[in-house]
Amino acid sequence: PGERQPLHSWLQSVVKRHEGVPALAGIMEGVHASGGRRLWEARNAAWTPAQHAALDAALKLFPATMETGERWERVSERVEGKSRRECIERFKHVREQVHRELARQQALVAEEEEE
């Protein structure tokens, strides 16, 4: 997936393609499904639900066709208390978590098929 695709849309498309993977539903809510801990405890603990919602809304509002620097600048203007860099890092972190969970689930399926 391209970095320019809105976070919410991208996550929803991943979840649709991998229906039946319960941990992905937790990622969509920002909570790790196996244990109920926040995914972003360490470097993203300061993100409030309102800030995450503002990031999501801003990514939908400003199209991926915009120049990247301008787009992220405008996105960050909509997320109170967060810089351009913090918004980009948040997006990348969530994307990374989704990729990790998908890889984990695929490995489990491959193990089950081998048995």
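The structure is a predicted model, in which local features need pLDDT of at least 70 and side-chain atom pairs count only at pLDDT 80 or more, while totals for chains, interfaces and linings use all residues. Residues are numbered from 1 along each chain as its sequence is written, and side-chain values use heavy atoms, with hydrogens and water left out. The protein has five helices and zero strands, where helices (H or I, at least four residues) and strands (E, at least two) are DSSP runs numbered from the N terminus.

**Overall make-up**

- Read from the N terminus on, the elements of the protein follow the order α-α-α-α-α.
- Of the 115 residues in the protein, 37% are buried, a class that means under 20% relative accessible area, with exposed meaning over 50% and partly exposed lying in between (1.4 Å probe, protein chains only).
- Among the contacts in the protein with a separation of 6 or more, 59% come from residues 24 or more positions apart, a contact being heavy atoms within 4.5 Å.

- Helix α5 covers residues 84-114 and has 31 residues, reaching 45 Å from its first C-alpha to its last, which is close to the 45 Å expected at 1.5 Å a residue; the expected span is 1.5 Å times one less than the number of residues in the helix.
- The buried residues of α5 include Cys87, Ile88, Phe91, Val94, Val98 and Leu102, and also Arg90, Arg95 and Glu101.
- Helix α3, made of residues 49-61, has 13 residues and reaches 18 Å between its first and last C-alpha, close to the 18 Å expected at 1.5 Å a residue.
- In α3 the buried residues are Gln51, His52, Ala54, Leu55, Asp56, Ala58 and Leu59.

**Packing of α4 against α5**

- Two packed helices are described by the angle between their axes and the distance between the axes.
- The axes of helix α4 (residues 68-78) and helix α5 come within 8 Å and cross at roughly 100 degrees, the axes being lines fitted to C-alpha atoms over the stretch in contact and the angles running from 0 to 180 degrees between N-to-C directions.
- On the α4 side the contact is made by Gly69, Trp72, Glu73, Val75 and Ser76, and on the α5 side by Arg84, Cys87, Ile88 and Phe91.
- By class, this contact has five nonpolar, two polar and two charged residues, where Ala, Val, Leu, Ile, Met, Phe, Trp, Tyr, Cys and Pro count as nonpolar, Asp, Glu, Lys and Arg as charged, and the others, Gly among them, as polar.

**Surroundings of Cys87**

- Cys87 lies in helix α5 and is buried, with a relative accessible area of 0%.
- Leaving aside residues up to four places away in sequence, Cys87 touches Trp47, Leu55, Trp72, Val75, Ser76, Val79 and Lys82.
- Cys87 and Trp47 are 40 residues apart along the chain, and their C-alpha atoms are separated by 9.9 Å.

**Salt bridges**

- A search of the whole structure finds five salt bridges, each defined as a side-chain nitrogen of Lys or Arg within 4 Å of a carboxyl oxygen of Asp or Glu.
- One of them joins Lys60 to Asp56, with the closest N and O atoms 3.5 Å apart; the two residues are four apart in helix α3, about one helical turn.
- Lys60 is partly exposed at a relative accessible area of 47%, whereas Asp56 is buried at 13%.
- Glu70 and Arg74 form another, with the closest N and O atoms 3.7 Å apart, and both lie in helix α4, four residues apart.
- Glu70 is partly exposed at 39% relative accessible area, and Arg74 is partly exposed at 34%.
- Arg85 forms a salt bridge with Glu89, the closest N and O atoms being 3.2 Å apart, and both residues lie in helix α5, about one turn of the helix from each other.
- Arg85 is partly exposed at 45% relative accessibility, and Glu89 is partly exposed at 28%.
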